[in-house]
Amino acid sequence: MSHDITRRRFIQGGTGVAAAATLLGGGFLGFDAWRQAYADAPAKEVKQVHSLCNSCSSKCGFTATVEDGKVMTMIGDPEHPYCDGTLCARGYGYASIAYSEDRLTNPLKRTETGAFEAISWDDAIKEISEKITQIIDEDGPQALVLIQDPRPSGSYYTKRFMNALGSANVYTHGVSCNMSKVSGMTQAIGVGDFVSDVANAKMVMFLGRSYADGIRPGSLHDLQAARKKGARIVMVDPRYNASCLYADEWVPIKPGTDLALVLAMANVLVGRGTYNQEYVANNTVGFEDWAARLPEYTPEWAAEITGIPAETITRLAEEMWEAAPASSIEQGWRAAFGCSHKNSGETARALCLFNTLLGCWGAEGGAIFYPSASAGKLTDPRFAAPPAPKEKILGSAEYPLAAASMGVSTFALQQIAEGKVKGVIFYQSNCVGGYSNPKQLDEWVRQAELSVAIDVQMTETCKACQYVLPDTSYLERLEVPEFVGGRVPVVALRDRVLDKIHPETKPVDEIFAELGRACGVGQYFDFTVDELADAQLATVGLSLEQLQEEGIVAFPEKAYKPGKEITWKTPSGKIQFTSEACAKAGFTPSPTWIEPLVMPEEGQFRLVGGKQTIHTHTQTANIKPLISISKKYGLERPWINADVAATLGIEDGDEVEISSDAFTGRTKIKVTERIEPTSLYLPSHYGRMIPEQQLSYGVGLSQMDFVPFHLEPGYGGTMAQETVVTVKKVGA
Ligand SMILES: Nc1nc2c(c(=O)[nH]1)N[C@H]1C(S)=C(S)[C@@H](COP(=O)(O)OP(=O)(O)OC[C@H]3O[C@@H](n4cnc5c(=O)[nH]c(N)nc54)[C@H](O)[C@@H]3O)O[C@H]1N2
Ligand SMILES: Nc1nc2c(c(=O)[nH]1)N[C@H]1C(S)=C(S)[C@@H](COP(=O)(O)OP(=O)(O)OC[C@H]3O[C@@H](n4cnc5c(=O)[nH]c(N)nc54)[C@H](O)[C@@H]3O)O[C@H]1N2
Ligand code: SF4
Ligand SMILES: [Mo]
């Protein structure tokens, strides 16, 4: 197969030995300049390695300079679509995990007393595999569950391992990330993702998506470009988030009510006939059903619910129409409707239908779909896939709209208490700490007959498990190639930047291969990750060695082409205003208003989460350079509206007590005008109570502690913001 492949000029021939003197030389000079500057200094081993960040799921590409086994510089790869030449602060800070004092360095087993003691790899693999075999013999493979945060090798090896055992139960973190969004969109447009063409848009509305807080550098660059070009940017968010710096307008909204806003804007456009009638007639089904339901959703109706004035709602709808088709509502990711409320899935569905009224799909400046590349089929029988599991992923009957590629992981854990699930394995997942109420999840995991966590540090999830297996850090392992979609799709590689630091750690590929062999399915793991990577790359005309040298290879022949006809992967082959699956799951055929599960009354607040630029979920709280910044600036403090604080006698920096039905905790508070009155914002990354995480222990509070265990009907999202809290000053 031949491909028109562009090759990035490698700055300097691969991994070479060069002269360099001190750390000071690291800086951010180009490699050549640095080498030149220290040409006469005593020789040290300096090499360059291309790899992928592991501080969040964006997995940005970078080139590391390594001197005598220490990472000196990391430069974001310009061709990587997500990083666009820049790593974010987390990308740099998280690299220190490799050398962290709090790394797991040995397999551990929980003893009768609840303490963990070291155990050899041989014993750990033997005991775990015996238990797996016993569970399969007694209860069948569907009694086993695996939960992972999708990473290149993680996704490949966990699925292969579970499928080889006959289980379909491989879950991601979706329930507590973007599952409702992905699943709702799929009902409308057949896929769970699109991209607002922000850089070329005339207008973009963001519903609780903040490129400057929930960072992906490439997206932030697009927002900056849009700002420069004069695009109209509107941020709908209960708080003035960091992206508002690039916006024309901040529209504060009561959280959980975005569906009412979208329905009312649709009411305005459809009521007036100011929508792309030709586009709707040619590309959709079920429009009449929605049109007949919209009249009751007037801007005045929505104003009551959202707290946004009716005139603003009407004006925003008008402006979006005037800018169409170079306008769209951006797709969002987590906090607003990724997994947060009882109406999240339906909000995502309605959002896609509103964009359809604009006729913006595939239009320059509108809502577009980026192409991707992928590896072809491998012919070598060693790589043959195990037979497809006989059953569907557990939870698919109860939550029929949930994307099967993510699955309702927390429902699967609930099935431990029902006796249907007996064994659970976590790979690179702090499920217990972050997917729903930690106390509840901990209780279920502890009831399992087998529980294993594979991680690099001690976490809430590890603590709940019987066995803890130490992975190498991402800087110490090669993974399978990562194909990334974008304007120009690419393939990139996580490579070994450092030699293994702790001898008793093992990379993910080895862990699952050893478990596979011990469980009697070794025939599916009869290869090294290097051989697998090389074979996958051969299907696109590359080799492992080539990609290691180049770091990233683009597929320009697959680049995004504006105006290309879109194939809608829905059952009808068209955009669906009505969905049979939604109707079958108990929703109206086209989206209508659904009240959130709880609404704050007088004296109560909805607890909302949100990312901070310098942290990722629960995984960076113990990272020295990052948590030091948090501590210095008090970033862990929740935000309360200034007027409301005044009525409660609360001042900036006061110690407060925050209570929900599930939890009560104390912390210092931030009083600000940057948040609407019914919300209390708790930054998402704190409240870790694991003493082994020495730096994060006891800093701030965790949103999930306050949230009861529950799941969004039909869609299975964790409903992370369906909780109300009260706040009082300590000692008042
Ligand atoms: N720094 C950082 N960046 C990240 C990550 C990270 O952990 N840290 N994680 C990555 C991942 S996995 C994800 S999922 C994304 C998440 O990316 P986002 O979805 O952008 O992130 P969030 O911070 O969860 O939510 C964005 C905003 O929604 C607002 N919000 C809360 N509730 C509502 C609501 O009901 N309606 C509206 N309109 N707004 C609301 C919050 O105030 C917040 O400012 O970030 C990615 N990038
Ligand atoms: N409290 C809280 N809960 C959240 C969120 C939040 O911000 N705060 N965010 C939500 C969102 S948007 C998402 S996507 C999910 C994400 O949920 P997860 O994917 O579970 O992400 P983290 O909570 O960061 O936990 C990642 C785990 O992977 C481990 N890890 C890191 N590197 C490696 C490695 O190289 N190998 C192995 N084996 N393990 C490694 C970390 O130590 C950590 O325990 O969480 C959701 N829940
Ligand atoms: S966005 Fe930041 S943390 Fe995430 S992969 Fe990219 S550089 Fe790493
Ligand atoms: Mo996420």
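This is a predicted model: local features need pLDDT of at least 70, side-chain atom pairs count only at pLDDT 80 or more; totals for chains, interfaces and linings use all residues.
Residues are numbered from 1 along each chain as its sequence is written, chains are lettered from A and ligands numbered from 1 in the order in which they are written, and side-chain values use heavy atoms, with hydrogens and water left out.

The protein chain has a mean pLDDT (the predictor's confidence in each residue, from 0 to 100) of 94. A pLDDT of 70 or more is reached by 94% of its residues. Residues 1–28 fall below 50. Beyond near neighbours in sequence, this stretch still has 75 contacts in the model, a contact being heavy atoms within 4.5 Å.

Around ligand 2 there are 29 residues, each with a heavy atom within 4 Å of the molecule. Asp 149, Gly 434, Asp 455, Thr 618 and Ser 684 come nearest. The shell holds eight nonpolar, 15 polar and six charged residues. Here Ala, Val, Leu, Ile, Met, Phe, Trp, Tyr, Cys and Pro count as nonpolar, Asp, Glu, Lys and Arg as charged, and the others, Gly among them, as polar. The side chain of Gln 457 places an N or O atom 3.0 Å from an oxygen atom of ligand 2. A backbone N or O atom of Gln 619 lies 3.2 Å from an oxygen atom of the ligand. Taken alone, ligand 2 exposes 900 Å², and the protein buries 99% of that (Shrake-Rupley method, 1.4 Å probe; for residues, only the protein chains shown count as cover).

Ligand 1 is surrounded by 34 residues. Arg 209, Asp 258, Arg 334, Lys 611 and His 615 are the closest. By class, ten are nonpolar, 16 polar and eight charged. A nitrogen atom of ligand 1 is 3.0 Å from a backbone N or O atom of Val 236. The side chain of Asp 237 has an N or O atom 2.7 Å from an oxygen atom of ligand 1.

Key. A polar contact is a pair of N or O atoms within 3.5 Å; within protein, one must be able to donate a hydrogen and the other to accept it, and residues adjacent in sequence count only if both atoms are side-chain atoms.
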